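Here are my notes for a first look at this structure.

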Amino acid sequence: MSAVLQQPKRLALLAYLAMATPHRFHRRDALLGMFWSELDQSHARAALRRALYFLRQALGDETLLGRGDEEIAVAEAGFWCDVGEFEHAIAAGDFRKAADLYRGDLLEGFYVSQAPEFERWLDLQRSHLREQAALVLKTLTEEAERNRDWDGAAGWARRAASLSPYDEAAFRKILSLLERTGDRSGVIKAYDEFAARLRDAYEIDP
(Lines give C-alpha, C1' and ligand atoms only; values in the text may rest on other atoms or scores of the structure.)
Protein backbone atom coordinates (compact mmCIF):
# COMPACT_ATOMS: atom_id res chain seq x y z
CA MET A 1 0.00 0.00 0.00
CA SER A 2 2.91 2.38 0.65
CA ALA A 3 3.74 2.28 -3.06
CA VAL A 4 0.20 3.42 -3.88
CA LEU A 5 0.45 6.36 -1.46
CA GLN A 6 3.40 7.69 -3.48
CA GLN A 7 1.33 7.80 -6.70
CA PRO A 8 -1.33 10.54 -6.23
CA LYS A 9 -3.36 9.94 -9.40
CA ARG A 10 -3.37 6.17 -8.92
CA LEU A 11 -4.36 6.61 -5.29
CA ALA A 12 -7.15 8.94 -6.46
CA LEU A 13 -8.34 6.28 -8.92
CA LEU A 14 -8.42 3.66 -6.17
CA ALA A 15 -10.27 6.03 -3.82
CA TYR A 16 -12.87 6.80 -6.47
CA LEU A 17 -13.44 3.16 -7.34
CA ALA A 18 -13.79 2.28 -3.65
CA MET A 19 -16.02 5.16 -2.57
CA ALA A 20 -18.09 6.45 -5.49
CA THR A 21 -21.77 5.86 -4.88
CA PRO A 22 -23.73 3.91 -5.80
CA HIS A 23 -21.06 1.19 -5.48
CA ARG A 24 -20.90 -0.39 -8.89
CA PHE A 25 -18.77 -1.14 -11.92
CA HIS A 26 -17.38 1.94 -13.66
CA ARG A 27 -16.90 2.24 -17.39
CA ARG A 28 -13.39 2.94 -18.56
CA ASP A 29 -14.58 5.86 -20.70
CA ALA A 30 -15.97 7.59 -17.60
CA LEU A 31 -12.69 7.04 -15.73
CA LEU A 32 -10.75 8.56 -18.61
CA GLY A 33 -12.79 11.76 -18.36
CA MET A 34 -12.41 11.82 -14.59
CA PHE A 35 -8.61 11.40 -14.46
CA TRP A 36 -7.02 11.93 -17.90
CA SER A 37 -9.17 14.52 -19.63
CA GLU A 38 -6.02 16.34 -20.82
CA LEU A 39 -4.94 13.33 -22.94
CA ASP A 40 -6.30 12.03 -26.22
CA GLN A 41 -8.24 8.75 -26.17
CA SER A 42 -5.36 6.38 -26.94
CA HIS A 43 -2.95 7.94 -24.45
CA ALA A 44 -5.63 8.18 -21.77
CA ARG A 45 -6.51 4.49 -22.19
CA ALA A 46 -2.84 3.56 -21.96
CA ALA A 47 -2.52 5.60 -18.75
CA LEU A 48 -5.56 3.86 -17.26
CA ARG A 49 -4.20 0.42 -18.17
CA ARG A 50 -0.89 1.24 -16.50
CA ALA A 51 -2.68 2.54 -13.40
CA LEU A 52 -4.84 -0.58 -13.07
CA TYR A 53 -1.83 -2.85 -13.60
CA PHE A 54 0.07 -0.93 -10.90
CA LEU A 55 -2.82 -1.24 -8.43
CA ARG A 56 -3.16 -4.97 -9.05
CA GLN A 57 0.57 -5.45 -8.57
CA ALA A 58 0.58 -3.40 -5.36
CA LEU A 59 -2.65 -4.68 -3.80
CA GLY A 60 -3.25 -8.09 -5.37
CA ASP A 61 -5.16 -9.23 -8.43
CA GLU A 62 -8.25 -9.92 -6.33
CA THR A 63 -8.60 -6.24 -5.34
CA LEU A 64 -9.98 -5.11 -8.71
CA LEU A 65 -12.76 -6.79 -10.67
CA GLY A 66 -13.45 -6.55 -14.38
CA ARG A 67 -16.71 -7.09 -16.22
CA GLY A 68 -16.02 -7.53 -19.88
CA ASP A 69 -13.36 -5.27 -21.35
CA GLU A 70 -14.87 -1.96 -20.37
CA GLU A 71 -15.94 -2.06 -16.72
CA ILE A 72 -13.89 -1.94 -13.49
CA ALA A 73 -14.80 -2.16 -9.80
CA VAL A 74 -13.19 -2.68 -6.41
CA ALA A 75 -13.94 -6.02 -4.78
CA GLU A 76 -15.62 -4.85 -1.56
CA ALA A 77 -15.15 -8.23 0.12
CA GLY A 78 -11.38 -8.04 -0.24
CA PHE A 79 -10.77 -4.34 0.36
CA TRP A 80 -11.44 -2.53 3.65
CA CYS A 81 -12.43 1.13 3.34
CA ASP A 82 -13.26 3.33 6.33
CA VAL A 83 -15.80 5.33 4.31
CA GLY A 84 -17.68 2.15 3.45
CA GLU A 85 -17.58 1.02 7.08
CA PHE A 86 -18.79 4.47 8.19
CA GLU A 87 -21.78 4.26 5.85
CA HIS A 88 -22.57 0.67 6.89
CA ALA A 89 -22.44 1.67 10.57
CA ILE A 90 -24.93 4.50 9.99
CA ALA A 91 -27.26 2.20 8.06
CA ALA A 92 -27.10 -0.30 10.93
CA GLY A 93 -27.80 2.41 13.53
CA ASP A 94 -24.40 1.90 15.18
CA PHE A 95 -23.71 5.60 15.67
CA ARG A 96 -20.87 5.15 18.16
CA LYS A 97 -18.95 3.06 15.65
CA ALA A 98 -19.68 5.64 12.95
CA ALA A 99 -18.39 8.42 15.22
CA ASP A 100 -15.21 6.45 15.89
CA LEU A 101 -14.64 5.95 12.17
CA TYR A 102 -15.02 9.62 11.24
CA ARG A 103 -11.62 11.25 11.85
CA GLY A 104 -11.95 14.40 9.76
CA ASP A 105 -12.29 15.44 6.14
CA LEU A 106 -11.82 12.75 3.53
CA LEU A 107 -8.26 12.74 2.14
CA GLU A 108 -7.58 16.07 3.83
CA GLY A 109 -4.86 18.03 2.02
CA PHE A 110 -4.85 15.58 -0.89
CA TYR A 111 -4.67 17.11 -4.37
CA VAL A 112 -4.28 15.68 -7.85
CA SER A 113 -3.15 17.93 -10.67
CA GLN A 114 -5.00 17.92 -14.01
CA ALA A 115 -8.01 16.07 -12.62
CA PRO A 116 -10.67 18.76 -12.05
CA GLU A 117 -13.58 16.31 -12.24
CA PHE A 118 -12.06 14.21 -9.47
CA GLU A 119 -11.46 17.33 -7.35
CA ARG A 120 -15.12 18.32 -7.75
CA TRP A 121 -16.22 14.81 -6.80
CA LEU A 122 -13.90 14.82 -3.78
CA ASP A 123 -15.25 18.17 -2.54
CA LEU A 124 -18.83 16.85 -2.76
CA GLN A 125 -17.86 13.62 -1.01
CA ARG A 126 -16.16 15.53 1.80
CA SER A 127 -19.24 17.71 2.32
CA HIS A 128 -21.58 14.71 2.29
CA LEU A 129 -19.53 12.77 4.83
CA ARG A 130 -19.16 15.83 7.07
CA GLU A 131 -22.94 16.31 7.05
CA GLN A 132 -23.47 12.62 7.87
CA ALA A 133 -20.97 12.85 10.73
CA ALA A 134 -22.71 15.95 12.09
CA LEU A 135 -26.04 14.09 12.15
CA VAL A 136 -24.41 11.13 13.90
CA LEU A 137 -22.89 13.35 16.59
CA LYS A 138 -26.15 15.27 17.04
CA THR A 139 -27.95 11.96 17.56
CA LEU A 140 -25.38 10.83 20.14
CA THR A 141 -25.64 14.18 21.93
CA GLU A 142 -29.40 13.87 22.19
CA GLU A 143 -29.15 10.25 23.37
CA ALA A 144 -26.73 11.26 26.14
CA GLU A 145 -29.05 14.12 27.15
CA ARG A 146 -31.99 11.74 27.43
CA ASN A 147 -29.85 9.59 29.73
CA ARG A 148 -28.86 12.73 31.71
CA ASP A 149 -25.23 12.04 30.88
CA TRP A 150 -24.24 15.70 30.70
CA ASP A 151 -20.50 15.08 30.44
CA GLY A 152 -21.01 12.63 27.59
CA ALA A 153 -23.45 14.97 25.86
CA ALA A 154 -20.98 17.86 26.14
CA GLY A 155 -18.26 15.69 24.60
CA TRP A 156 -20.40 14.71 21.63
CA ALA A 157 -21.58 18.31 21.21
CA ARG A 158 -17.97 19.53 21.13
CA ARG A 159 -17.18 17.07 18.36
CA ALA A 160 -20.28 18.14 16.44
CA ALA A 161 -19.33 21.81 16.79
CA SER A 162 -15.82 21.09 15.52
CA LEU A 163 -17.38 20.30 12.13
CA SER A 164 -18.85 23.83 11.97
CA PRO A 165 -16.52 25.93 14.15
CA TYR A 166 -18.35 29.24 13.51
CA ASP A 167 -21.90 27.99 14.17
CA GLU A 168 -23.27 29.94 17.14
CA ALA A 169 -26.20 27.55 17.65
CA ALA A 170 -23.84 24.59 17.99
CA PHE A 171 -21.67 26.63 20.35
CA ARG A 172 -24.62 27.63 22.55
CA LYS A 173 -25.42 23.93 22.89
CA ILE A 174 -21.94 23.31 24.30
CA LEU A 175 -22.32 26.17 26.81
CA SER A 176 -25.68 24.84 27.96
CA LEU A 177 -24.29 21.34 28.53
CA LEU A 178 -21.16 22.58 30.26
CA GLU A 179 -23.34 24.59 32.62
CA ARG A 180 -25.34 21.46 33.44
CA THR A 181 -22.11 19.71 34.44
CA GLY A 182 -21.26 22.63 36.74
CA ASP A 183 -18.13 23.47 34.76
CA ARG A 184 -18.38 27.27 34.92
CA SER A 185 -14.67 27.76 34.18
CA GLY A 186 -15.12 25.51 31.14
CA VAL A 187 -17.98 27.74 29.97
CA ILE A 188 -15.78 30.86 30.18
CA LYS A 189 -12.86 29.16 28.45
CA ALA A 190 -15.09 27.82 25.66
CA TYR A 191 -16.64 31.26 25.15
CA ASP A 192 -13.23 32.95 24.95
CA GLU A 193 -12.01 30.40 22.38
CA PHE A 194 -15.15 30.80 20.24
CA ALA A 195 -14.99 34.59 20.41
CA ALA A 196 -11.34 34.51 19.32
CA ARG A 197 -12.21 32.29 16.33
CA LEU A 198 -14.94 34.69 15.20
CA ARG A 199 -12.70 37.73 15.58
CA ASP A 200 -9.86 36.07 13.65
CA ALA A 201 -12.12 34.86 10.84
CA TYR A 202 -14.74 37.62 10.54
CA GLU A 203 -13.68 40.46 12.85
CA ILE A 204 -16.96 40.17 14.76
CA ASP A 205 -17.96 39.22 18.30
CA PRO A 206 -20.49 36.50 19.12
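1. Start with the largest pocket of this predicted model, where 21 residues form the lining. Nearest the centre of this pocket you will find Met19, Asp82, Val83, Leu106 and Leu107. Its volume comes to about 450 Å³.

2. Which elements give two or more residues to the lining of the largest pocket? They are α2 (8–19) and α5 (82–91). Helix α2 provides the largest share, with five residues. Sorted by class, the lining of the largest pocket holds 17 nonpolar residues, three charged ones and one polar one.

3. Next, please turn to the second largest pocket, with a volume of about 300 Å³. Its lining is made of 15 residues, and Ala134, Lys138, Ala160, Ala161 and Ala170 are the closest to the centre. At least two lining residues come from each of α7, α8 (150–162) and α9. Helix α7 gives the most, seven residues. By class, the lining of the second largest pocket has six charged, seven nonpolar and two polar residues.

4. Now for the aromatic rings. A pair of aromatic rings is described by how far apart the centres are and by the angle of the planes. In this model the count is ten aromatic pairs. One of them joins Phe35 and Phe118, with 5.5 Å from centre to centre and 35° between the planes, and this pair is tilted. Because Phe35 belongs to helix α3 (residues 28–35) and Phe118 to helix α7 (residues 116–146), the pair ties together parts that lie 83 residues apart in sequence. Both Phe35 and Phe118 are buried.

5. How are the rings of Phe171 and Phe194 arranged? Their centres are 4.1 Å apart and their planes meet at 10°, so the pair is stacked. Here too, distant parts of the chain are linked: Phe171 sits in helix α9 (residues 168–181) and Phe194 in helix α10 (residues 184–202), 23 residues apart. Is Phe171 buried or exposed? Its relative accessibility is 7%, so Phe171 counts as buried. Phe194 is buried as well, with a relative accessible area of 1%.

6. The charged end of Arg10 is placed over the ring of Phe54, 4.8 Å from the ring centre. Arg180 lies over the face of Trp150, at a distance of 4.4 Å from the centre of that ring.

7. Finally, the strands. Strands of a sheet pair through backbone hydrogen bonds, in either a parallel or an antiparallel way. The model has an open sheet of three strands, ordered β1-β3-β2, and the pairing is antiparallel. At the edges stand β1 (26–27) and β2 (64–67), each with a single partner strand, so each has one side left without a neighbour in the sheet. Strand β1 is joined by two bridges to strand β3 (residues 71–74), and these strands run antiparallel. To see how they face each other, find His26, which stands opposite Ile72 in β3.

Notes. Residues are numbered from 1 along each chain as its sequence is written. This is a predicted model: local features need pLDDT of at least 70, side-chain atom pairs count only at pLDDT 80 or more; totals for chains, interfaces and linings use all residues. Side-chain values use heavy atoms; hydrogens and water are left out. Rings of Phe, Tyr and Trp (its six-membered ring) pair if their centres lie within 6.5 Å; planes under 30 degrees apart count as stacked, over 60 as edge-to-face and the rest as tilted. Helices (H or I, at least four residues) and strands (E, at least two) are DSSP runs, numbered from the N terminus. Buried means under 20% relative accessible area, exposed over 50%, partly exposed in between (1.4 Å probe, protein chains only). A charge sits over a ring if NZ of Lys or CZ of Arg is within 6 Å of the ring centre and within 35 degrees of the ring normal. On a 1 Å grid over the protein atoms alone, a cavity is a set of points where a 1.4 Å probe fits but cannot get out, and a pocket is an open set with protein on both sides within 12 Å along at least five of seven lines; lining residues have an atom within 4 Å of a point. Grid points are joined across faces, edges and corners, and a volume is the space filled by probe spheres set on the points. Ala, Val, Leu, Ile, Met, Phe, Trp, Tyr, Cys and Pro count as nonpolar, Asp, Glu, Lys and Arg as charged, and the others, Gly among them, as polar. Two strands pair if DSSP finds at least two bridges between them.
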